[in-house]
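Trainee: I'd like a close look at one part of this model, please. Take me through it slowly, then show me what sits around it.

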Amino acid sequence: MVQDNGALKKVLVIGGGGREHAICWKMARSERVETVYVLPGSPGIAAVPKVQLVSDVGVKNHSAIVAWCKQNQIDLVAVGPEDPLADGLADVLQAAGIKCFGPGRRGAQIEADKNWSKDFMHRHGIPTARYASFTDAPEAKAFIRSAPYAALVVKASGLAAGKGVIVAETIDEACAAVDDILGEKRFGAAGEVVVVEEKLVGEEVSVLAFVDARTVRVMLPAQDHKRLLDHDRGPNTGGMGAYCPCPIIKPAQMELVVREVLQRAVDGLRAEGIKYNGMCFMG
């Protein structure tokens, strides 16, 4: 990713949440890293040794980020949040000759556009819940009422800060979610397309992997608690906490996940001419 010529490295991390806090903390512990800059960061991240906040550049100003990286001789940019990747920040950095950990705009669709992602999985034989996508609320509700499976998971196709998924208990609740997303525009442009999925019941396991055009290297499995309240009650959230490692998934199952999901995704992206390096998430 970054060739080691013996010099200490300067890294820029994009983001300011808990994920970026962990990335900055880990990078700062490396003897190979001189300084970790973070844009925009947070007071908590600023307390990490070797970390400096960047406060005079806007996260959405890609040209200003490129200029700042060149001026400060940044060796690597690591992008944490999905939004900058979906907006094409990695493409701009790579075009300017700045190494970036994170996919370009086309690769970021796998998270930023659930409709595209589901179609991608279908094209490449990646196991996924049955689904249909809609832009018309009456059509979506008619499908929910007539689907040959429990079509009770309603998703805003775009990015909605982890809150664009409604796991309904009843058909009426799922239909109300469609009205909320397509009719009331609860998630704005993120809800211009709604994905209606089969409701799968069971334990959730999150597997994240470092990937490039050919390689998959998985991290330890984790489990999110996504519902607001204890005992899986309340609305879905962006995540109410997680623990790792997760003992629910066994080694043989992990091998299947790597082979049938992650490796197929990497191979599918390459087959479609999409350059992808960074993290790939499977839930």
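Trainee: Which residues in α8 meet which residues in α9?

Mentor: Some ground rules before the answer. This is a predicted model, where local features need pLDDT of at least 70, side-chain atom pairs count only at pLDDT 80 or more, and totals for chains, interfaces and linings use all residues. Residues are numbered from 1 along each chain as its sequence is written, and side-chain values use heavy atoms, with hydrogens and water left out.

Now the helices. From α8 you have Ala-137, Ala-140, Lys-141, Ile-144 and Arg-145, and they meet Ile-171, Asp-172, Ala-174, Cys-175, Val-178, Asp-179 and Leu-182 of α9. Contact here means heavy atoms within 4.5 Å. Helices (H or I, at least four residues) and strands (E, at least two) are DSSP runs, numbered from the N terminus. Sorted by class, the contact of α8 with α9 has eight nonpolar, no polar and four charged residues. For that count, Ala, Val, Leu, Ile, Met, Phe, Trp, Tyr, Cys and Pro are nonpolar, Asp, Glu, Lys and Arg are charged, and the others, Gly among them, are polar.

As for geometry, α8 and α9 pack at an angle of about 165 degrees, and their axes are 10 Å apart. Axes are lines fitted to C-alpha atoms, for helices over the stretch in contact, and angles run from 0 to 180 degrees between N-to-C directions. That is why α8 and α9 are roughly antiparallel to each other; angles under 35 degrees count as roughly parallel, over 145 as roughly antiparallel, 65 to 115 as roughly perpendicular and the rest as oblique. The crossing of α8 and α9 is right-handed, a crossing being right-handed if the near helix is turned clockwise from the far one by less than a right angle, and left-handed if anticlockwise.

Next, the core. The largest nonpolar core has 25 residues, and Phe-143 and Val-154 are those with the most contacts inside it. A nonpolar core is a set of buried Ala, Val, Leu, Ile, Met, Phe, Trp, Tyr and Cys residues joined through side-chain atoms within 4.5 Å; buried means under 20% relative accessible area, exposed over 50%, partly exposed in between (1.4 Å probe, protein chains only). At least two residues of this core come from each of β6 (131-134), α8 (137-146), β7 (153-156), α9 (171-183) and β9 (194-197). Helix α9 gives the largest share, six residues.

Last, a backbone detail: a cis peptide bond joins Leu-39 and Pro-40, with omega about 0 degrees, and Pro-40 is in strand β2 (residues 33-40).
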